[in-house]
Amino acid sequence: MKIYTLHKKQNLPITVDEAWNFLSSPKNLKTITPDYMGFNILSGADRPMYPGQIIQYIVTPVLGIKTKWVTEITHVKNKEYFVDEQRFGPYSLWHHKHFIKEIDGGVEMEDIVDYKVPMGILGQMVHPILVKPKLEEIFTYRTKKLEELFGKY
């Protein structure tokens with residue numbers, strides 16, 4: 001069983017409050033997701049983030065195949081971090097930690113995603129040519145979108 005890790009950091013010239021208010025609102029996930037992914041929240045985004053919150057959405061990650069994804073917000077420490085975990089969706093495991101830390105002149109945002117692809121050895125073979133590049137592309141988009149919204153550090 002191979003578990004992969006995606007680790008990204010980004011600095012923005014905003015306050016912890018601004019970063020937290022944006023990132024802790026599930027509705028803003030659509031803003032930082034590429035349009036071609038057809039991201040659409042079905043339920044669970046009607047209030048600020050809290051532990052136990054279930055968010056359901058549709059996403060079209062590859063080949064125009066619509067996929068229902070259900071995540072649970074499992075941990076929240078106000079203005080410091082939150083964790084979302086996939087309950088149903090395309091991965092065998094998805095555990096995404098979001099950290100926010102004040103730095104001189106702004107905030108550092110850190111994402112650590114531990115994930116496992118389905119389909120055993122076939123999934124592991126597809127990972128470097130399809131899954132990993134797609135995740136890198138999504139997080140590159142997020143970096144650029146957050147800079148558009150909040151400026152460069």
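Strand 1 (residues 4-12) and strand 7 run antiparallel and are joined by 9 bridges; strands are DSSP runs of E with at least two residues, numbered from the N terminus, and two of them pair if DSSP finds at least two bridges between them. This is a predicted model, in which local features need pLDDT of at least 70 and side-chain atom pairs count only at pLDDT 80 or more, while totals for chains, interfaces and linings use all residues. Residues are numbered from 1 along each chain as its sequence is written, and side-chain values use heavy atoms, leaving out hydrogens and water.

**Around strand 7**
- Within strand 7, D111 is the bridge partner of K8, and D114 is the bridge partner of H95.
- Strand 6 (residues 93-103) also pairs with strand 7, in the antiparallel sense over 11 bridges.
- The hairpin of strand 6 and strand 7 has 2 residues between the strands, and G105 there takes a positive phi near 85°.
- Strand 7 (residues 106-116) is largely enclosed by the rest of the structure, because 11 of its 11 residues are buried (under 20% relative accessible area, 1.4 Å probe, protein chains only).

**Aromatic contacts**
- The whole structure holds 11 aromatic pairs, meaning Phe, Tyr or Trp rings (the six-membered one for Trp) with centres within 6.5 Å.
- W69 and W94 are edge-to-face (planes over 60 degrees apart), because their ring planes stand at 80°, with centres 5.3 Å apart.
- W69 lies in strand 4 (residues 67-77) and W94 in strand 6, so their pair ties together parts 25 residues apart in sequence.
- One aromatic cluster is formed by Y4, F39, Y57, W69, Y91, W94 and Y115.

Definitions and conventions
Buried < 20%, exposed > 50% of the residue type's maximum accessible area, 1.4 Å probe, protein only. Helix = DSSP H or I, 4+ residues; strand = E, 2+ residues; numbered from the N terminus. Phe/Tyr/Trp six-rings, centres within 6.5 Å; stacked < 30°, edge-to-face > 60°.
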